[in-house]
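This report describes selected helices, strands and side-chain pairs of one protein model. Please keep the sequence and the structure in view while reading.

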Amino acid sequence: MNDRTIEVNLVNQLGYERIAMACSASFARMMGLPPERIEDLKTMVSEAAINAMEHGNKGRPDARVTVSLNCQDNTINVTVSDEGNGITNFPPKPDIEKIIEDLESPVGFGLFLIEQLADQVEFNKAANGGHVVKMAIKMNL
């Protein structure tokens, strides 16, 4: 870790993703990310943390979610780790119109948002167990 890296360990309880959102926004402002991309970053971090809590850690109160942010080579890199088994089957691309009309469940919408907002995203199993989502957002488009 260095002065361009932060790490936040979250309680595995919905609502705590807001802490990660606030930290990511502050970090991004310090690094010079444009305001409109800060909102994208906050959404990415929030969705990844919620997925880690609900799907990765299966709501277990003893599990943790770790969010780390690093700024390197004009890119903010985000890693969200949980203690679960990871995603095995990705849900199909959501039909936004059907979701809006309440004709389809929003399952998979968070992953869809992350993939749309991030400049790069990877879903991996962690070497020590658990699951890791790696996301990157470039400082300049």
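Does C71 count as buried or exposed? At 5% relative accessibility, C71 counts as buried; the term buried means under 20% relative accessible area, exposed means over 50%, and partly exposed lies in between (1.4 Å probe, protein chains only). C23, by contrast, is partly exposed, with a relative accessible area of 27%.

The model is predicted, so local features need a pLDDT of at least 70 and side-chain atom pairs count only at pLDDT 80 or more, whereas totals for chains, interfaces and linings use all residues. Residues are numbered from 1 along each chain as its sequence is written, and side-chain values use heavy atoms, with hydrogens and water left out.

**Cysteines**

A disulfide is a covalent bond between the sulfur atoms of two cysteines. The criterion applied here is a pair of cysteine sulfur atoms within 2.5 Å. A search of the whole structure finds 0 disulfides.

**Helix α1**

Helices (H or I, at least four residues) and strands (E, at least two) are DSSP runs, numbered from the N terminus. Helix α1 covers residues 17–31, which makes 15 residues. From its first C-alpha to its last, α1 reaches 21 Å, close to the 21 Å expected at 1.5 Å a residue; the expected span is 1.5 Å times one less than the number of residues. The buried residues of α1 are E17, A20, S24, A25, F27, A28 and M31. These buried residues pack against β1 (5–11), α2, β2 (64–72) and β3 (75–82). After α1 comes G32, whose phi is positive, near 95°.

S46 belongs to helix α2 (residues 35–56) and is buried, with a relative accessible area of 10%. Apart from its neighbours within four places in sequence, S46 is in contact (heavy atoms within 4.5 Å) with E17 and M21.

A salt bridge is a side-chain nitrogen of Lys or Arg within 4 Å of a carboxyl oxygen of Asp or Glu. The whole structure holds 5 salt bridges, among them the pairs in this table.

| Pair | N to O distance |
|---|---|
| D40 and R37 | 2.9 Å |
| R37 and D119 | 3.0 Å |
| E39 and K42 | 3.4 Å |

How many residues apart are D40 and R37 in helix α2? They are 3 residues apart, about one turn of the helix. Both D40 and R37 are buried, R37 at 8% relative accessibility.

What does the pair of R37 and D119 tie together? R37 lies in helix α2 and D119 in the loop between α4 (109–117) and β4, so the pair ties together parts that are 82 residues apart in sequence. D119 counts as partly exposed, at 36% relative accessibility.

E39 and K42 are also in helix α2, 3 residues apart, and are thus separated by about one helical turn. An α-helix has 3.6 residues a turn, so residues three or four places apart point the same way. E39 is partly exposed at 44% relative accessibility. Salt bridges that share partners join R37, D40 and D119 into one network.

**Strands β4 and β5**

Two strands pair if DSSP finds at least two bridges between them. Strand β4 (residues 120–125) and strand β5 (residues 131–138) run antiparallel and are joined by 6 bridges. The bridge partner of F123 in β5 is V133. The hairpin of β4 and β5 has 5 residues between the strands, and in this hairpin G129 takes a positive phi near 95°.
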